[in-house]
Amino acid sequence: MIDFKEELRKFKPALEVDGIEEVIKSNEIKDMIDLLTHITRNLEIKSEGKE
Amino acid sequence: MICPACHIEIQENLSQCPRCQFNIFLYRKLKAISLRLYNKGLEQANNRELTNAIGSLSKAVEFDKTNINARNLLGLVYYEIGEFGQALAEWVISTHFQKEDNIALDYIKRIQRSGRKLEQYNDSIRMFNQAIEYAGQRSEDLAIIQLKKALQLNPNFVEACCLVALCLLKENEKEKALPYIEKALEIDMSNSKAIRYYRELRPNSFIPRREDKSTATIRAHRRRKSKAPFSPMGHIIGFVVGAICTAALLLILVIPDRVNVLTKQIEDLDIKNQNLEIEYSRLKQESQETISDLEEENRKVLDMNGQLQQRQIALEEVQKINQVQILYNNKKIEDAAVLLYSLDAFNIPEENRATYDELSNKVFIDAASAHYNNGQSAYSRKDYDKAIVELEKSLLYAREQYYSDNALYYLGRIYEEQDNIEKAKEFYSQAIDQYPGTDGAANSKWRLGKLK
């Protein structure tokens, strides 16, 4: 049995053309490689500090 | 290769950057995962499992944001399901990472060239967003109108197809909803909403699949490529290999597939059963609530009925009081007394009680007196039956009058005349007990002494 209200909650507004720029700017695009780079740099800074 | 962290040139075979210690091994692994996800997404897109493809491709760009192919394909899949804004966003990001030799540039240019189409797509998205609001406000009819317009402008808009189907299902227009669900499944056969609605409408049917022209062409192309001339020995070997392959395929693909189908059917039946149980509980609860409501309603009606009956009786009593008043005014004292005597004092409304008391004082005393006189006359005429009735009526209406003792005495005398000695004694005794010191009591005592 389909619950209309429950189903309706699954529908989200679609992205309009006017909103594209805002979406791209607001979400700084990161990936797993960025994360790996960030970890490496942190380790580098720590080891330099020890020396 | 270039180290992605410190950007120096390093050897290909190293697993760590000698300068910044960046984990090249892990980096390659992430790139490989992203690539694998892209391949999976591509296959899913080819099979029209577009929702699944979006999932795989989104993960691919999460692992490696510079995976241009994955991002471009993700945009293309969004475009195919009518999510135009999302498609454009992915392509714009793609061109940010690779400014040249990127097909996304071509896609964007093509869209920019067809300005009217761009406007139409955007309008369709606005209409869809508006329809969500309408549906949320329980204006499903307005939502359906908006969505139908959106689909005219953007026929592949899968989410709009699903939402219009949902609104039609809400309106109980199941047959009208079906073509929209089928359309959504034709475009994206892994769309979970469309699958759910389809199962709701056609629980025993398989999900329809569309044979794409592109996939059909690829298959035809593969078939053509496989047609190569064989020698007789080759035919035999081919036959044996074919038989082995068929058996292996049966074991590997068909049997597990059949098991999967049966398992799926069992799961579906389980879900169906659970849904039926839920529905049954709901209906049971609703019925109980309805019964309780009806009982409550019935109680109220009965209460109201009782009140109305009470009111009706009170009105009748008031009418009787008025009639008594009229009879009394017309000197029909005996009739007035009969009617007044039939009144139930408890049912007389408070506002009429004073009138009732006043009438009782006048009517009963006058009637008792009249009946006493009638009884006495009848006794003189030796009409004893009439005399008994009249004297008893006199005592019924008033017992504390100056003649009440004599009424009892006369009754005793009548019964004595009729040789009903016991009855005569009873009345003499009453006169003696109830009216001591009166003439009636003295006479009764004398008569009683004679009877003993």
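Predicted model: local features only at pLDDT ≥ 70, side-chain atom pairs only at ≥ 80, totals over all residues.
Figure 1. The model has an ipTM of 0.79 and a pTM of 0.52. Within chain A, the element with the highest mean pLDDT is helix α1 (residues 4–8), at 90, and the element with the lowest is helix α3 (residues 32–50), at 77.

**Figure 2. Residues 214–230 of chain B**. Over this stretch pLDDT stays under 50. The model gives residues 214–230 of chain B four contacts beyond four places in sequence.

**Figure 3. The interface of chain A with chain B**. On the chain A side 29 residues are in contact, and they meet 52 residues of chain B. The two chains bury about 3400 Å² between them. Carbon and sulfur atoms account for 68% of that area. In chain A, the residues that lose the most area to chain B are A:Ile2, A:Phe4 and A:Phe11. Together these three make up 20% of what the chain A side buries.

**Figure 4. Helices α2 and α3 of chain B**. Helix α2(B) spans residues 50–63 and helix α3(B) residues 68–80. Their axes come within 9 Å and cross at roughly 150°. Because of this angle, α2(B) is roughly antiparallel to α3(B). The crossing is left-handed. From α2(B), the contact is made by B:Leu50, B:Ala53, B:Ile54, B:Leu57, B:Ser58, B:Ala60 and B:Val61. From α3(B), the residues are B:Ala70, B:Arg71, B:Leu73, B:Leu74, B:Val77, B:Tyr78 and B:Glu80. By class, the contact of α2(B) with α3(B) has 11 nonpolar residues, one polar and two charged.

**Figure 5. Helices α8 and α9 of chain B**. Helix α8(B) covers residues 158–170. The axes of α8(B) and α9(B) come within 8 Å and cross at roughly 160°. The two helices are therefore roughly antiparallel. Their crossing is left-handed. The α8(B) side of the contact consists of B:Val158, B:Cys161, B:Cys162, B:Val164, B:Ala165, B:Leu168 and B:Leu169. On the α9(B) side are B:Lys174, B:Lys176, B:Ala177, B:Tyr180, B:Ile181, B:Lys183, B:Ala184 and B:Ile187. The contact of α8(B) with α9(B) holds 12 nonpolar and three charged residues, and no polar ones.

**Figure 6. Helices α9 and α10 of chain B**. Helix α9(B) runs over residues 174–187 and helix α10(B) over residues 192–201. Their axes come within 9 Å, with a crossing angle of roughly 140°. At this angle α9(B) is oblique to α10(B). The crossing of α9(B) and α10(B) is left-handed. In α9(B), the residues in contact are B:Lys174, B:Ala177, B:Leu178, B:Ile181, B:Glu182, B:Ala184 and B:Leu185. They meet B:Ala194, B:Ile195, B:Tyr197, B:Tyr198 and B:Leu201 of α10(B). The contact of α9(B) with α10(B) has 10 nonpolar residues, two charged and no polar ones.

Definitions and conventions:
Residues numbered from 1 in each chain as written. Chains lettered and ligands numbered in written order. Heavy atoms only, no water. Axes fitted to C-alpha atoms, helices over the stretch in contact; angles between N-to-C directions. Helix = DSSP H or I, 4+ residues; strand = E, 2+ residues; numbered from the N terminus. Parallel < 35°, antiparallel > 145°, perpendicular 65-115°, else oblique. Left-handed = near helix turned anticlockwise from the far one by under 90°. Contact = heavy atoms within 4.5 Å. Nonpolar A, V, L, I, M, F, W, Y, C, P; charged D, E, K, R; others polar. pLDDT = per-residue confidence, 0-100. Buried area = accessible area lost by both parts, 1.4 Å probe.
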